[in-house]
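Work through the exercises below with the sequence and the model open. Each solution goes step by step.

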Amino acid sequence: MTSFPLQDIVGQKKAPRTKQPQVIKQLFWKLFCNHFPGYQITEENQHIIFSIFRYFLQQSDFNEYGLIKNKPGLEKGLLVYGDYGVGKSTLFDAIHNIGRIILDQTRSTQLWFPRISTVHLLTRYYESQQNKNSNFKLEDYYRGKLYLDDVGKEDKAYNREEIIGKLLFERHRRKLKTFVTTNEKPSAISARYGHHIGDRLPEMFNIIKWEGRSWRE
């Protein structure tokens, strides 16, 4: 992994105060370097990655590079869309794992969020319909923070019901912070789940387009 000065990653400004002790930026960067040394931060992707890091560290200047496609806000979630294989899901998985470490060490939930792919969520939904003893409830995803990977990749439930569209609508209604990675453009998400979802995307998310060369090539 390429080494970058810490001030390039987190910026110079102080983060706004929160009820919990702010996660120390040096701790975050140390954990990222130690646990994910193979993650490729390059000249091509560093502005996107550092913007996402600053967002999760609650830095007020997280949009210094002007990558947010709509009005930025730390109170919103993140919707990161773009090319296959550029590292979107891997980066969010890394932040998720760092959040778990920090939660265990300090009890801070600032960087902690549950995660699930939309394909796996739909599989669990099917299983719950067939097994009365299943503990899966879609309503359990109507609270707290949540990371949804591969939005738009899942099928319709029973070829008729858009479970993820329903989930996004309910989470917006409850003003819950949601993180999304997807290969679909916002316009495609709107076309699939309905304009009632598309119209809410700018209110719900900081929208970032991630272009670049695939790691899978």
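**Exercise 1.** Which residue in strand 5 does Tyr-81 stand opposite?

The model is predicted: local features need pLDDT of at least 70, side-chain atom pairs count only at pLDDT 80 or more, and totals for chains, interfaces and linings use all residues. Residues are numbered from 1 along each chain as its sequence is written, and side-chain values use heavy atoms, with hydrogens and water left out.

Solution. 
- Step 1. Strands (E, at least two residues) and helices (H or I, at least four) are DSSP runs, numbered from the N terminus.
- Step 2. Strand 1 and strand 5 (residues 205-210) pair in the parallel sense over six bridges; pairing requires that DSSP finds at least two bridges between two strands.
- Step 3. Opposite Tyr-81 stands Lys-209.

**Exercise 2.** How many residues of strand 1 are buried?

Solution. 
- Step 1. Buried means under 20% relative accessible area, partly exposed lies in between, and exposed is over 50% (1.4 Å probe, protein chains only).
- Step 2. In strand 1 (residues 77-82), six of six residues are buried.
- Step 3. Gly-77, Leu-79 and Tyr-81 point one way, while Leu-78, Val-80 and Gly-82 point the other way.

**Exercise 3.** Is Arg-54 buried or exposed?

Solution. 
- Step 1. Locate Arg-54 in helix 3 (residues 46-56).
- Step 2. Arg-54 has a relative accessible area of 1%, so Arg-54 is buried.
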